[in-house]
Amino acid sequence: MKLAIPVVAALTAASLLMVFPVSHAKASPAIKRQTEAANEQMAAAEPDPLPARRGLYEKLSLFTDVPWYWIAAIDQYERSMSKVRPKARPMLGSTVGVFIDQERWAGPLNPNTEDSTPASIRFFNGIGQDGDGNGQAERTSDVDLLYSLISRVAAYGISDDDFSIGLWEYYQNNRSVQRIQQFARIYAAFGRLDLFDHAFPVPIGTRYSYNSTWGTGRSWGGRRTHEGTDIFADHGLPVRSTCYGIVEVKGWNPYGGWRIGIRDLNNFYHYYAHLSGFDKTVNIGDVVKPGQVVGWVGSSGYGKPGTSGKFPPHLHYGVYSDRGLIEWSFDPYPMLRRWEQAERKRIRSGK
């Protein structure tokens, strides 16, 4: 399918101001309350980029026949890659996450790498297209960026299978295709973009304890470091999804025992290990939401399938960031503290 109809309306969105909270380590309670209130007011005053993005996705869907959730998934995947590689993939537009390098945009043999003329870009087999109808293929335009990428992928067809083939031809990376497929399923399941809320992995108000244990030494199975936070709790306590995401892995691991892995829209892989069992209604490929029970605390692992009791019951919770070809673990403790406090606050407020 060859797409040549430009999108008539260009959408722009104000760039977000990043608000960094003030450290409260030595602040008095009164100053803390004032600062927190000020931060909440500033956050409330920030423009929400999601309505503008959704409007753009729907307009592109109208002109390309590609479902909006596929478009949203590509944009979010591109955004996640730019976040982990900001120097190699600087922000080009004002709201979309798409990055296309100059050579690919203008064409590999184009002597003018900053070419914005659609005809010459097309002559040199560049990807850049005019999506907003202003006669220019501008690499800094949200509409042109996203329209150009979607058009190239959709040239192979707009059925799920054909679109996936187009994704592979564009990215030449099976992981990229899988991530975009996963993101599309999440967006399609919930029908909206605001899917970034979180929950603490065990129910608030139950008996548990945890500290920062990321990076500490481990000996079973060879010399290695601990890539996560251990949350000690009673055997059988429910374990919950911390995010909106899709179940990527479920089953036995010699180190983690019965474990489950969930991928979220930030391209983070959430790893829950040493479970005593799984919720039987949750399977690989299922979409889950924050607070949904996926298993129960146990002490499985460190041996063949079914091994249990080699250590006290606890949940090992780890988070890994996808960088395109590999994944890196990072300390989840600060996020856990933040999610725990936020959920306590929601419970107190009755929301």
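Arg-54 lies over the face of Trp-68, 3.8 Å from the ring centre. A charge is taken to sit over a ring if NZ of Lys or CZ of Arg is within 6 Å of the ring centre and within 35 degrees of the ring normal. The charged end of Arg-104 is likewise placed over a ring, that of Tyr-170, at 3.8 Å from its centre. The model is predicted, and local features need pLDDT of at least 70, side-chain atom pairs count only at pLDDT 80 or more, and totals for chains, interfaces and linings use all residues. Residues are numbered from 1 along each chain as its sequence is written, and side-chain values use heavy atoms, with hydrogens and water left out.

Helix α6 spans residues 142–154, 13 residues in length. Helices (H or I, at least four residues) and strands (E, at least two) are DSSP runs, numbered from the N terminus. From first to last C-alpha, α6 reaches 18 Å, close to the 18 Å expected at 1.5 Å a residue; the expected span is 1.5 Å times one less than the number of residues. Of the 13 residues of α6, 12 are buried, so the helix is largely enclosed by the rest of the structure. Buried denotes under 20% relative accessible area, exposed over 50%, and partly exposed the range in between (1.4 Å probe, protein chains only). The elements covering the buried residues of α6 include α2 (50–64), α3 (68–84), α4 (102–106) and α7 (160–171).

Leu-145 belongs to helix α6 and is buried, with a relative accessible area of 0%. Neighbours within four places in sequence aside, Leu-145 is in contact (heavy atoms within 4.5 Å) with Leu-92, Gly-93, Val-96, Val-98, Ile-100, Trp-105 and Arg-139. The C-alpha atoms of Leu-145 and Ile-127, 18 residues apart along the chain, are separated by 9.3 Å.

Helix α9 (residues 333–349) has 17 residues and extends 24 Å from its first C-alpha to its last, close to the 24 Å expected. Its buried residues are Met-335, Leu-336, Trp-339, Glu-340 and Glu-343. These cover an arc of only 130° around the axis, which puts them on the same side of α9; the arc is that of the directions from the helix axis to the C-beta atoms. The cover over the buried residues of α9 includes strands β1 (208–210), β4 (229–233), β5 (238–240), β8 (268–278), β11 (314–322) and β12 (327–330). Gly-350, with a positive phi near 80°, follows α9.

The structure contains 18 aromatic pairs. Rings of Phe, Tyr and Trp (its six-membered ring) pair if their centres lie within 6.5 Å; planes under 30 degrees apart count as stacked, over 60 as edge-to-face and the rest as tilted. The ring centres of Phe-200 and Tyr-210 are 5.4 Å apart and the planes stand at 45°, so the pair is tilted. Phe-200 is in the loop between α8 (174–190) and β1, whereas Tyr-210 is in strand β1, 10 residues apart. Both residues, Phe-200 and Tyr-210, are buried. One aromatic cluster is formed by Phe-200, Tyr-208, Tyr-210 and Tyr-333.

Positive phi also occurs at Asn-125, a residue other than glycine, with a value near 60°. Asn-125 is in the loop between α5 (118–123) and α6 and counts as exposed at 55% relative accessibility. Tyr-302, not a glycine either, has a positive phi of about 65°. Tyr-302 is in the loop between β10 (293–297) and β11 and, at 16% relative accessibility, counts as buried.
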